[in-house]
Amino acid sequence: QVQLVESGGGLVQPGGSLRLSCAASGRIFNFNAVGWYRQAPGKQRELVATITSGGSTNYADSVKGRFTISRDNAKNTVSLQMNSLRPEDTAVYYCNANIRRLYMPTVENYWGQGTQVTVSS
């Protein structure tokens with residue numbers, strides 16, 4: 001069984017910072033591409049940032065220059081550093097990863113349970 005667990009969400013004032021973490025646990029052979037998504041109330045889930053196993057990154061235009069995604073392959077963790085937060089960044093943030101389990105021939109896609117980020121004064 002593989003699990004993705006997000007942490008680090010909370011309430012922050014506009015202009016503030018938060019750091020989200022996503023930790024994968026279980027019998028993992030490869031922790032491949034990972035993405036952070038978010039979903040605000042009444043809106044569709046949207047892609048925020050992605051990072052490949054080799055460290056290549058991609059960001060939504062709305063967060064470029066403010067958010068930074070990084071990973072620690074040895075620990076099977078991915079982080080999202082969020083700076084200069086705005087009220088419109090308020091959402092539930094989800095981690096999504098492509099993982100190949102130990103002894104399994106295929107890559108499977110997993111979602112975390114989400115962590116709430118609220119940006120408000």
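## Strand pairing around Ser-21

Ser-21 stands opposite Ser-79 in strand 8. Strand 3 (residues 18-25) and strand 8 (residues 77-82) run antiparallel and are joined by 6 bridges; strands are DSSP runs of E with at least two residues, numbered from the N terminus, and two of them pair if DSSP finds at least two bridges between them.

The model is predicted: local features need pLDDT of at least 70 and side-chain atom pairs count only at pLDDT 80 or more, while totals for chains, interfaces and linings use all residues. Residues are numbered from 1 along each chain as its sequence is written, and side-chain values use heavy atoms, with hydrogens and water left out.

Ring pairs link Tyr-37, Tyr-94 and Trp-111 into a cluster; rings of Phe, Tyr and Trp (its six-membered ring) pair if their centres lie within 6.5 Å, with planes under 30 degrees apart counted as stacked, over 60 as edge-to-face and the rest as tilted. The count comes to 2 aromatic pairs. One of them, Tyr-94 with Trp-111, is edge-to-face, at 6.4 Å centre to centre and 85° between the planes. This pair links distant parts of the chain, with Tyr-94 in strand 9 (residues 91-101) and Trp-111 in strand 10 (residues 107-111), 17 residues apart.

The charged end of Arg-45 sits over the ring of Tyr-94, 3.8 Å from its centre (NZ of Lys or CZ of Arg within 6 Å of the ring centre and within 35 degrees of the ring normal). Arg-45 also lies over the face of Trp-111, at 4.6 Å from the ring centre.

Conventions:
Helices (H or I, at least four residues) and strands (E, at least two) are DSSP runs, numbered from the N terminus.
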